[in-house]
Each structure stands twice: as structure tokens, then as C-alpha cells.
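The entries below keep the order in which I looked things up.

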Amino acid sequence: MSVGVKVFAPASVANLACGYDILGLAIDGPGDEIIAKQVDKAGVVISKISGAKGKLPYEVEKNTAGTAAKKLLEFLGEDKFGIDIEIHKRMPFGSGLGSSAASACAAVMAVNEVLKRPLTRRELLPFAVLGEQVADGAYHADNVAPSLMGGIIFIRSNKELDVHRVPVPKGLYVSVIYPHVKVLTKDSRGILGDMLKLDQHIEQSGNLGGLILGLYNSNFDLIGRSLRDVIIEPQRAQLIPGFFQVQEAALKAGALGCSISGAGPSIFALSANNLIAENIGVAMQKVFQDLKIKSDLFVSEINQTGTYLL
Ligand code: HSE
């Protein structure tokens, strides 16, 4: 067995209110670590998983990291040796913080490093998306792309993986609260209706355009007015006890906007500086305390690094 490589991929916040499946950002702090080693036997094997309380599968095809690694290895036509991976979760999973995406991103970068970097970071993206697809059955890059590439990422097309980096205004902070309630991404996607009213489409498109423009121009007022979700949030809010109270508390504490992080149950708020972000975090956590729901708080700048070799 070779010495191996160790890779870290950060957690991420998907959707950003008005960009369901097409917008996401990476955060500092929580994430997943993968150790990959070359082994004699062809194929991928998962030899160790920690931090998952026994809840993640060792079967490669059922595991986001395992599948991402396998797809990449197959694409590269590597059959003379195999890869052994260890997954160390340093973040909650099933939280709406892109935990399966982080595993998939760390896995593809680790395999690429073991193979002496045949692909660029950007070229690794489709394999990580295929890995993450194992988690909820859908092919979307709004967690994977920011986790792999860092920053705020806009996806014009998930099918074509036409992804674009959006500038991060100086001072932009994110506060994320993870309440310890169970929300499965599959269920959270399953409850969504597939019909829209034309006026909802118009409002959501206006907000999406406004948010992108606001980020380009560091226009915090415009960002704030645009961080609204008139389509997904009203349908998913029922899955998160106290959601509207948390949102109100965050806005009162100075948030530019506040909505569900990915498929939930985490809730995120953006703000214009660190101090406001800390205050928002305290206000959001207080709501869950009053509801007697345990929660974890993460306050972070936008992570600009993405997945990296440790
Ligand atoms: N955009 C996805 C969703 C992210 O909201 O369902 C979670 O996979």
C-alpha cells in the first residue's frame, strides 16, 4: 500500500434562497476528510468511516465518496491497481450543509492526487456530481461545485455543468444554524410540487438576477432585497420547526436575508460583516433553545479555497 494522500472538502450552502439547484457557496470550518491510498487490487474499497455514527454505507455503490472515486477511476481506465479510501466526517450529515457533496469532492481530488493529477480541478466536477447523485437521486452541482471550487458558484445548466464563479463582496459573512431535527433530502425534494404560477417564476427570476447583480456590484441592499424564495421555502418550511421564528430573528439581528440551507434542516443568513453575523447566529440559536431543540452554529466568511490537499 502507498503512503497515500489526505484531502479536505468544505461544507456548503445550496440554493441561496432564489437559486434552487443552481446557486451555492462554500463555508469555512465543517467538512469532510478523505485519505486515499493506492492498493494492488483493482477497484475502490472503503476501509474506514469515522464521525458518521455507523450510519454511512461501506458499499462503494451506495456511498457518495466511493461512487465518485469509482467513476473517476473507471474514466481514467485505471485497472492495474485500486484505491483504498478512508472517510472522516468533520461535519454533521443529513443537515443541509452538503455533507454528501463534501465526501464526493474530497474523494475525487484524493484519487486524482494518488494518480499524480491527470485531471484539473474543474474536470473533476462531473465525477463528484455523479457521486453526490447517490444521496438523493438527482444530478445537481449546487453543493458539489462550491465545495470543490470554493466561493459562490452559479450553475447555468446542471445537465451541461455550465458553472460560473460569482464574485464575493468584501465583508460578506454567512451564519448557519443546524437544528438537530431529521430532514431527508429525498423527502425534502419529494414534497415539492412541479407546477409554478407565472408570477412566481417572474418574482423568483427577478430575485435571482438581483442577487447575482448585487454580488457583482457589492450592493448589499440589492443582495438583501433579492435573498427571497417564493417557490421552495414556502413548501419546505413546514419540515423545520420554528423556521419562520428563526428567519424573523435573523432579519431583526441585521441579516441581509435568511432562508433554508439546501434541503434543510439548516438555515442560513447572509450579512455584511462578522459582528452582525455573530449576532445573527446568537439570535437564531436562541429560538431553537427556546423550542428545546439542540443546534450547532457555524459563522464563516465565504470559503474561497474549496477542496484542498492537506
Ligand atoms: N438544491 C438541493 C435541494 C440541495 O435543495 O434539494 C440539496 O441537495
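**Entry 1: a serine in a loop**

I began with the side chain of Ser95, which reaches the backbone nitrogen of Leu97 at 3.3 Å; I count as a polar contact a pair of N or O atoms within 3.5 Å, where within protein one must be able to donate a hydrogen and the other to accept it, and residues adjacent in sequence count only if both atoms are side-chain atoms. The model is predicted, so I noted that local features need pLDDT of at least 70 and side-chain atom pairs count only at pLDDT 80 or more, while totals for chains, interfaces and linings use all residues. Residues are numbered from 1 along each chain as its sequence is written, and side-chain values use heavy atoms, with hydrogens and water left out.

I placed Ser95 in the loop between β4 and α2 (99-114), taking helices (H or I, at least four residues) and strands (E, at least two) as DSSP runs numbered from the N terminus. Ser95 is buried, with a relative accessible area of 1% (buried is under 20%, exposed over 50%, partly exposed in between, with a 1.4 Å probe and protein chains only). Leaving out residues up to four places away in sequence, I found that Ser95 touches Tyr178, Gly264, Pro265 and Ser266, contact being heavy atoms within 4.5 Å.

**Entry 2: strand β2**

I then turned to β2 (residues 23-39), where 14 of the 17 residues are buried. It pairs in the antiparallel sense with β4 (residues 82-90) over nine bridges, pairing requiring at least two DSSP bridges between two strands, and Lys37 stands opposite Asp84 in β4.
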